[in-house]
Amino acid sequence: MFVKRKLSPKVVFKFGWKNIIWATLWSALVVFVYQELLDKKYHIGIPYMPLSTIGIAVAFYVGFKNNQAYDRFWEGRKIWGGIVNYSRTWANQVLSYLDCSQSLSKEEIDRIERRLVHRHLAWINTLRIQLRYTTIFDRSNLSYVPSFRLENDRDNLTDISKHISNEEYEKVMSKVNPATHINRLQGADLSMLKKNGSITDFQYVNMMTTLEEFYNLQGMCERIKSTPFPRQFAYFGSLFVWIFIGLLPFGMVEEFYHIEDGNIVWLTVPFSALVSWIFYTMEIVGDVSEDPFENYINDVPMTAICRTIERDLLQLIDEEPIPEKAQPVDDILL
């Protein structure tokens, strides 16, 4: 996620340089052909009124698409905000309920508390890596993505293994959905604590409700991940933008040629490139926002959120050292 208020010129250029070159060459070709055909009494220009009508329609369509794409990103961010809140609730329940237990020694309470908290830290990191493990669409053919693609998070498994035992790590990582099975281990521990009287029935139900909420939040993330943005909106939005960009020089060349101050028809080239870049950028903004868990620069900063949770929970159990707060890299928070 970008953390600066303004994008650097380098980023802006990388998002649109191919479009600017293409629009410049295309509009220059249209102007050249237009002037060559004038002497032959042929015209390839088109009235600007129907072109402007198309432009307005495309702008409304792309605006709608961008709103829906942003909703997907914002929903993903709200889900991870819920994970932060319930993580703190979980740690508070673990510490508060077990500290009141009369059936366990202080050493046993401390060991179980740390196990339940660390296992939860393994869960959030497992969920993060699962969400980033696969990509819905191969974007390698898009000019604005490859140079910004962040290092894939799927191989950073030490964030999981350091929080659980080797036996549990091997067990959960052999499953199709490791995050689900980590929370299953949490539930097994709670059942054991309830059986031996370490927690009351009320406390057991309360903590199981929190685990249920973790499952709900995980399922919400998986729903966004596995359901791509409706392709009819995405595809036709892109198609309409390119149709408008392709027709744009034909309307502008006619306008600039008939200006009373003289033939300034070559102004078609820079103005066509500028308008094309604006519409193309509007299209890109929606396209790169529609999948918030793909590990791209505009996505939900799950690594930073996991680090925030880890810092909070480790301090709650008085464990050192506390990892440093995640810092932006090239103005991007991972």
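Reader: Where does Gln218 lie?

Author: This is a predicted model. In it, Gln218 is part of helix 7.

Reader: Is Gln218 buried or exposed?

Author: Compare its relative accessible area with the cut-off: buried means under 20%. Gln218 has 2%, so Gln218 counts as buried.

Reader: Which residues does Gln218 touch, not counting residues up to four places away in sequence?

Author: Trp123, Leu127, Gln130, Asn177, Ala179 and Thr180. There is also a C-alpha separation to read: Gln218 and Leu131 are 87 residues apart along the chain, with 9.7 Å between their C-alpha atoms.

Reader: How do the axes of helix 6 and helix 7 cross?

Author: Take the angle between their N-to-C directions. Over 145 degrees counts as roughly antiparallel. Here the axes come within 10 Å and cross at roughly 175°. Helix 6 is therefore roughly antiparallel to helix 7.

Reader: Which residues make the contact?

Author: From helix 6, they include Ala179, Thr180, Asn183 and Leu190. From helix 7, they include Tyr204, Met208, Phe214 and Gln218. By class, the contact has eight nonpolar, six polar and three charged residues.

Reader: With which side chains does the side chain of Ser198 make a polar contact?

Author: One partner is the side chain of Ser103, at 3.2 Å. Another is the side chain of Asn196, at 2.5 Å. Leaving aside neighbours within four places in sequence, Ser198 is in contact with Tyr97, Ser101, Ser103, Leu104 and Leu193.

Key. Residues numbered from 1 in each chain as written. Predicted model: local features only at pLDDT ≥ 70, side-chain atom pairs only at ≥ 80, totals over all residues. Heavy atoms only, no water. Polar contact = N/O pair within 3.5 Å; in protein donor to acceptor, adjacent residues only side chain to side chain. Contact = heavy atoms within 4.5 Å. Axes fitted to C-alpha atoms, helices over the stretch in contact; angles between N-to-C directions. Helix = DSSP H or I, 4+ residues; strand = E, 2+ residues; numbered from the N terminus. Parallel < 35°, antiparallel > 145°, perpendicular 65-115°, else oblique. Nonpolar A, V, L, I, M, F, W, Y, C, P; charged D, E, K, R; others polar. Buried < 20%, exposed > 50% of the residue type's maximum accessible area, 1.4 Å probe, protein only.
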